[in-house]
Amino acid sequence: MDWTDIQAARSIVESWTAEKFQALGDSGVTIEVPMRDGFRSSLRVYRPEPLVKRSILVILLHGGAFVTGDNRELAEYALALRALYGATIVLPSYRLAPEHPFPTAQYDIWDTLDWLSQNATSIFGADLSSGFVVGGVSAGANLAATLGQKWADEDRAPKITGLWLSIPFIFSDIHHVPVEYQDVYLSRKQNIMAPMNGEIPSAVLELLKRDVQSPWYSPFNSFHPQPYEAVVRNRTRVYFQAAGQDFYRDDALVYERILWKHGVETELDVYPGVSLYPSLPKYSILNYANNTCIASSWPFLHPAVSQ
């Protein structure tokens, strides 16, 4: 894929997504919600069938390096999680760069989280006190991690009870990594030539017009004096997935260790020898899907019980 040609990249991703989505046979229900600048963003919603009481709310954020993708991407996981757990699943949209540079996507998802926290119970029947989970893949995982931290920093209610961070990027570069972990932060050198990896950062990051020191960019830019304690206080559980040949593999590995060290309940699955999830071989796709929907069920079921 040529990431220097964004329109061509979008066409390829659209082809992948459309084929998968059409095969599902269930497009959910779409609604529009207001953003801070008056734009109306589309949400795709899957409610449990039959409707259940105390349905948890799970929000799944698509990837695409902030320049491709849409809210159909994770529909297959929405259907699986709905069937397995009777959950209400919401697939948000966010506006893409370069037409809408940083931090437009971050604002869109924050405004969506805020709207859902106020309206998901009355409109969808979800019970956020039973579970309020935010997750994503790649760029979506960055959004989940960053905004999950911000939600904890601001002590927002209801509390986010679980985060799913699949192949996330967390750090701008090695200098952003805490010093004690820099000697094990190797994947951006080791995996520079791996499939679908090396060409993405150099071609795309320039388009984002990102501010790598902004609290909207990374959970490590939190202004909270004790950011990890904020997550621990909320008893948020965090599930990580990392691909062995992913350029950002060590973002997941290092961030998981840091959260765990500070008392956050974490779980980690690693897929050795594979790159980004669209290029996983068949056995790894099945394993990835199984982990996502079943082995990772602990953050999706119920919030942690205070001791």
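These are questions and answers on local features of a predicted model.

The model is predicted, so local features need pLDDT of at least 70, side-chain atom pairs count only at pLDDT 80 or more, and totals for chains, interfaces and linings use all residues. Residues are numbered from 1 along each chain as its sequence is written, and side-chain values use heavy atoms, with hydrogens and water left out.

User: How far apart are the end C-alpha atoms of helix α1 (residues 6-24), and what span should its 19 residues have?

Analyst: Helices (H or I, at least four residues) and strands (E, at least two) are DSSP runs numbered from the N terminus. The expected span is 1.5 Å times one less than the number of residues. For the 19 residues of α1 this gives 27 Å, which agrees with the distance between the end C-alpha atoms, 27 Å.

User: Which residues of α1 are buried, and within what arc do they fall?

Analyst: Buried means under 20% relative accessible area, exposed over 50%, and partly exposed in between (1.4 Å probe, protein chains only). The buried residues of α1 are I6, A9, R10, V13, T17 and F21. They line one face of the helix, because seen down its axis (directions from the axis to the C-beta atoms) they fall within an arc of 90 degrees.

User: Is A65 buried or exposed?

Analyst: A65 lies in the loop between β3 (57-61) and α2 (75-85). Its phi is positive, about 60 degrees, although A65 is not a glycine. With a relative accessible area of 14%, A65 is buried.

User: What is the omega of the peptide bond from F102 to P103?

Analyst: P103 is in the loop between β4 and α3. P98 also lies in the loop between β4 (88-92) and α3 (104-124), and a cis peptide bond joins A97 to P98. The bond from F102 to P103 is cis too, with omega near 5 degrees.

User: Which residues touch the most other members of the largest nonpolar core?

Analyst: A nonpolar core is a set of buried Ala, Val, Leu, Ile, Met, Phe, Trp, Tyr and Cys residues joined through side-chain atoms within 4.5 Å. The largest core has 66 residues, and those touching the most other members are L57, I59, L116, F132, V134 and L165.
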